[in-house]
Amino acid sequence: MIQRFHRLGDVSDVESAIRAEHRSVDLTRNGHPVITKRLESLGLSKRVLFQINPTKQNFDAAVNCFMLVTDQSLGSPSSRLNSAKECVSLLTGCAEFGSTETLLRAHARIIRVLPEIVWLGHDLTRR
């Protein structure tokens with residue numbers, strides 16, 4: 001639905017995508033590894049909604065979703081890293097909506113997930 005929004009520009013497609021992604025997250029059992037990908041997708045859709053309608057509420061919804069991804073202990077480390085980077089990008093790009101404390105927490109989450117991405121047990125190409 002987000003792809004359809006990008007092609008047609010209908011905001012209702014973004015809202016439909018967010019509803020569907022919320023439902024997907026709600027139906028996912030706690031601790032399931034796929035939750036990071038589903039929350040990341042939801043965060044990206046909420047970011048699009050914020051770009052369309054830049055309100056504090058939409059900003060907070062996107063940031064909170066990205067931060068929730070970074071809190072997950074299972075699932076894709078790359079999703080957690082990408083979500084933390086998205087969060088930092090939002091917070092630095094729209095400083096009037098965010099806070100320094102939230103920005104520092106987002107940076108800390110990037111640092112926390114890096115060892116999982118660049119584990120010394122991987123070969124050089126993977127690192």
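Student: What should I know about the model before I start?

Tutor: The model is predicted: local features need pLDDT of at least 70, side-chain atom pairs count only at pLDDT 80 or more, and totals for chains, interfaces and linings use all residues. Residues are numbered from 1 along each chain as its sequence is written, and side-chain values use heavy atoms, leaving out hydrogens and water.

Student: How many helices and strands are there in the protein?

Tutor: Helices (H or I, at least four residues) and strands (E, at least two) are DSSP runs, numbered from the N terminus. Here there are 6 helices and 0 strands. The order from the N terminus is α-α-α-α-α-α.

Student: What share of the residues is buried?

Tutor: Buried means under 20% relative accessible area, exposed over 50%, partly exposed in between (1.4 Å probe, protein chains only). Of the 127 residues, 38% are buried.

Student: Which residues have the most contacts inside the largest nonpolar core?

Tutor: In soluble globular proteins, nonpolar side chains tend to be buried together. A nonpolar core is a set of buried Ala, Val, Leu, Ile, Met, Phe, Trp, Tyr and Cys residues joined through side-chain atoms within 4.5 Å. The largest one has 17 residues, and F50, F59, V63, C87, L90, L91 and A106 have the most contacts inside it. Two or more residues each come from α4 (56-71), α5 (77-93) and α6 (100-117). The largest share, 6 residues, is from α5. Another core lies apart from it, with 10 residues, including I18, I35, L49 and C65.

Student: Which residues does A106 touch?

Tutor: Contact means heavy atoms within 4.5 Å. Leaving aside residues up to four places away in sequence, A106 touches M67, A84, C87, V88 and L91.
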